[in-house]
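Here are my notes on the model you sent. They start with the whole chain and end with a single residue.

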Amino acid sequence: MPPASPTGSSRPPLNPTPSQHSLNRPEIQFPNLPTLRESPQSEREQLFLKKLDLCSYVFDFNVATQKRAKDIKRQTLLELVDYVNTPAGQAIFTEAVMASVVKMVKENVGRSLPPTKDDFDPEEDEPQLEPSWPHLQVVYEFFLRFIVSGAVLAKTAKRFIDQNTCLTLINLFDSEDPRERDYLKTILHRIYGKFMTHRSFIRRNVSNIFYGFVYEKTRHNGIGELLEILGSIINGFAIPLKKEHVTFLSKALLPLHKPKCVNLYHQQLSYCIIQYVEKDGDTGITVIRGLISCWPWTDSQKQVLLINELEELLELLGYEQLQVIQTELFRHLARLIGSDHFQVAERALFLWNNEHLVNAGCLSRQLADVILPLIYDDLLDKCSHWNQTVEGLAQSVQKMYIEFDPSLYESCAAGEKDRGEKKASFEERALAGWKQIDAMATSNR
């Protein structure tokens, strides 16, 4: 047995300092405790508390010492998980035990994450796995069983699973270890569902994570997992949407399209955005304007990614929303068709292969008189493109509009001819003017 601490406890101090983990440190000797299942029912709660106290001891896994003690702790954690899966184990979650449970969890998970390398590339480099995962995994599993337990009532447990606990979990989403982030995602989602008093606090602090990611360090490992939680949360929003929810969309979610690494979490982000538009069609106007305002014109791969999202959004837009946004939307599509990068132009022209958009959406015959004059010049240019796919798609779209309304197409063609003649005339006059200026400058020498 280790010597008693100043407080009178025989347990070693929590969170030992690095010097306490030196290679010369003697092996920790935990007390021999009986198993919970073999103990009398009347003694189990006190034994359970002792085992929680034992599991609160945090080891340093960066050094290969205390192997036996580490194994004892892991076996004790596994026993706790197994026991709380039984009816008797569920009944043990009294108010006194709740405090010790949360304390044990905080002692194990509440830590500073190691600094990340400046040149770390999440797409190329292997993540830095948590060395204490043999213990941490079981702690997370135990905490998850505690959260979902029907014996743990939110009215009582909210005193222990407080805002500080939620904030600790949210900050841990920056862990490089995907196994840890997966547990955190499940646990935080369960807390959000069970503790209504924490919901606003959780959303606010997730927003803060996004703000810091977009406007400060542009590096965070858990954006995708946080967005997965939000996807379920947004799905549960009541209609009409509260003002704070709409603000969250415009201020926190839409700016997430800006970072260069958006491809790492774009699927989850797109799902959240779509959830908003399905809930309230009017948010589609906010979303499309937000996408246009932060469009990555210098990054062709991101443009293709965002066109995919734009297509899903356009399928959800109703006629009333289109009336509000049609001019700026169609000018944006014209610019995409006219892109110098063939993949961007190709993906933009593929929008006309979407049967819903062509038959009943923004690309339908009913809006041809609005969109064709705006895209005609760029469309005509791509009809003689060097890339065969782009050329074929452009000619297909051209043919479609000719069939829609031949007179409208002829009108646009005539307008293009007039613009071409005016442009040529302007350039001719400008050239003549420059020649006149050059002649005057020569005669004055």
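The points below take the fold, the surface and one leucine in turn.

1. A caution on origin. This is a predicted model. Every value below is computed from it.

2. Secondary structure. The chain has 20 helices and zero strands. Its radius of gyration is 32 Å, well over the 22 Å that the globule rule gives for 445 residues, so the chain is more spread out than a compact globule. The C-alpha trace spans about 105 × 60 × 35 Å along its principal axes.

3. Of the 445 residues, 47% are buried. Take the contacts in the chain with a separation of 6 or more: 74% of them join residues 24 or more positions apart.

4. Surface and charge. The accessible surface comes to about 23,000 Å². Carbon and sulfur atoms hold 51% of that surface. The chain carries 50 positive and 57 negative charges. How far apart are the mean positions of the positive and negative charges? They are separated by 8 Å.

5. Leu167, placement. Leu167 sits in helix 7, which covers residues 163–171. The cut-off for buried is under 20%, and for exposed over 50%.

6. Leu167, neighbours. Leaving out residues up to four places away in sequence, Leu167 touches Phe201 and Asn205. Glu123 lies 44 residues from Leu167 along the chain, and the C-alpha atoms of these two residues are 28 Å apart.

Methods: Residues are numbered from 1 along each chain as its sequence is written. This is a predicted model: local features need pLDDT of at least 70, side-chain atom pairs count only at pLDDT 80 or more; totals for chains, interfaces and linings use all residues. Side-chain values use heavy atoms; hydrogens and water are left out. Helices (H or I, at least four residues) and strands (E, at least two) are DSSP runs, numbered from the N terminus. The radius of gyration is taken over C-alpha atoms; the globule rule is 2.2 Å times the number of residues to the power 0.38. Buried means under 20% relative accessible area, exposed over 50%, partly exposed in between (1.4 Å probe, protein chains only). Contact means heavy atoms within 4.5 Å. Accessible areas come from the Shrake-Rupley method with a 1.4 Å probe; for residues, only the protein chains shown count as cover. Lys and Arg count as positive and Asp and Glu as negative; His and the chain ends are not counted. The place of a charge is taken as NZ of Lys, CZ of Arg, CG of Asp or CD of Glu.
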